[in-house]
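Visitor: I have a few questions about this protein, if you have time. Could we look at it together?

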Amino acid sequence: MLVHLSIHNYAIVDHLDLELDAGMSAISGETGAGKSIMLDALGLCLGDRADSGVVRPGADKADILASFDLADIPEARAWLAERDLDNDGPCILRRVITAEGRSRGYINGSPCPQADLKALGELIIDIHSQHEHQSLLKTDTHRRLLDEYAGSQELARQVQLAAQRWKQTRNELERISSQGDEQRARHQLLSYQLEELENLALGEHELEQLEQEHKALSNAEALLGACRQVLDLCSESDAGNLLSALTASLNRLGAFGGQGGALSEASNLLASAQIQIEEAVGELNRFVDHFDADPQRQQFLEERLDSIYTLARKHRIQPTELAALQQQLFDELEGLNADDQASERLSEELAAYERHYQEKAGELSTLRGKAAACLAAAVEQEMQALGMPGGRFNIQLQALNSEEPHANGLESVEFLVSANPGQPLRGLAKVASGGELSRISLAIQVITAQTSRVPTLVFDEVDVGIGGPTAEVVGQLLRRLGERGQVLCVTHLPQVAAQGHQHLFVHKRRGEDATSTAVSKLDESGRVEEIARMLGGVDLTEESLAHARKMVTSAQAA
């Protein structure tokens, strides 16, 4: 509920701090004193549009702050938690409007857009007036109130969730299906390309080995000639070869053995060279003996390499990248196959969600149908008591012409009313009289208050155009509402004001240079005097005071 309202430099309000209690608070005062200004300022904290004209002349900005206790409003607490705006204390909404027309909103100290103030405000307070602030003009409110009255809020949530899941699944299925022909063509191409690569069956390091062997076979004659020439120079030439020369050299030096020093080291090096050349000759002989210059093998190598190079050119990549390409094509083809499987799965899920939706939406429609008749009869009875004899109230459940699940169920909900005998039933938003609209709204709120999720109700001059016994009934109804939550009521009628659990008096405070609005919480004697003034005018008489005292006493004793 609203626990504190602070207004600075707004319209004719210089500074106002107001503590508010549960129950019904009657707000009265002379015309022009600023009663509705309080509610207009509160509306700014709840997301109403603002302009620089609301700033008190001479001030640089208007600052309005409203504190709410959300202990009994789990929806509002959840809304704040989802946005990381919750805290342990009261919820504080703040609006600042500068003299230049700029506006800033805050929730618990964090800057926020105007839309967030409005969204949260609709969860915590409901303002009823003759202006556009009326939430009961919205068919969304009609549906919510009916579902709350029927006790079907959880079922309505399930219906909404089922519709959302159906829509999400349908959108995903359409996304996959829209790829249809293009996806099938891509699947066919990938399958063909992957088959070519699989048929090539290129082994790991095969390309490198093939290129080395092909290079060797291509230079076979030159290579064998070079090897034979080296063998001849090293060991086979009759005219002289390296091994013969080394042997002769070692024999000549061996004749001078025992000399030591450099001669011994030279002999060792020559012996080592002889051993290395003998080993090299052995390796060359083995290479020459085992070298196979088979022409058929060379032709095979050329054909195999040509297949590899041709496929690489086809895909515009290097031959060494063919293995990576094969894996890439395989992964993409697997993804397309997964989409085909997903399409089948999504089709099954879509049908299941629709069956679930139809089941839950059917149950919801049944509950709404039963509750609509009871709620309409109860509201109509209250309308009769509120000075609208012959007034009628009906709740229209209109089937939605939709081929797909709708988040709100199978039907729209709209409140229809006829305020006077002989007039046709029309939508609540089309009721011409503001006073009638306020009283009809009051009747609806009285009936639905026990199930309403909004604990704070504000009524701005709901008593316009009524008087006598009807005014007393209005006051009693407002008091009944206040016993279940919090009601703030701006009124001109003593019969309504007397029913309040507390009474706030709005008056002008005149200084030497300026006039401002002030609000006082009246004690028992002050309250009697204010109601007497409302009864009899400026001059208070014993009769008017006695009458006022009796009205207050009777209301408190009821």
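Guide: Gladly, and a definition comes first: contact means heavy atoms within 4.5 Å. Please keep in mind that this is a predicted model.

Visitor: With that in hand, which residues does H4 touch, leaving out those up to four places away in sequence?
Guide: H4 has its place in strand β1, residues 2-10. Setting aside residues up to four places away in sequence, its contacts are D17, L18, E19, L65, A66 and S67.

Visitor: Is H4 buried or exposed?
Guide: Buried means under 20% relative accessible area. H4 has a relative accessible area of 16%, so it counts as buried.

Visitor: Which side chain makes a polar contact with the side chain of H4?
Guide: One of the residues that H4 touches is the partner. The polar contact spans 3.2 Å, and the side chain on the other end is that of D17.

Visitor: Let's move to S28. What is its relative accessible area?
Guide: S28 sits in strand β3, residues 23-29. It is buried, and its relative accessible area is 0%.

Visitor: Which side chain is joined to that of S28 by a polar contact?
Guide: S28 touches several residues beyond four places away in sequence, among them K35, T491, L504, F505 and M534. The polar contact has a length of 2.7 Å, and the side chain it joins to S28 is that of H503.

Visitor: How many Å apart in space are S28 and I531, C-alpha to C-alpha?
Guide: In sequence, 503 residues separate S28 and I531. In space, their C-alpha atoms are apart by 9.0 Å.

Visitor: How many residues of helix α1 are buried?
Guide: Helix α1 covers residues 35-45 and has 11 residues. The buried ones include K35, which S28 touches, along with I37, M38 and L39.

Visitor: Which residue with a positive phi follows α1?
Guide: The phi in question is near 100°. The residue is G47.

Key:
Residues are numbered from 1 along each chain as its sequence is written. This is a predicted model: local features need pLDDT of at least 70, side-chain atom pairs count only at pLDDT 80 or more; totals for chains, interfaces and linings use all residues. Side-chain values use heavy atoms; hydrogens and water are left out. Buried means under 20% relative accessible area, exposed over 50%, partly exposed in between (1.4 Å probe, protein chains only). Helices (H or I, at least four residues) and strands (E, at least two) are DSSP runs, numbered from the N terminus. A polar contact is a pair of N or O atoms within 3.5 Å; within protein, one must be able to donate a hydrogen and the other to accept it, and residues adjacent in sequence count only if both atoms are side-chain atoms.
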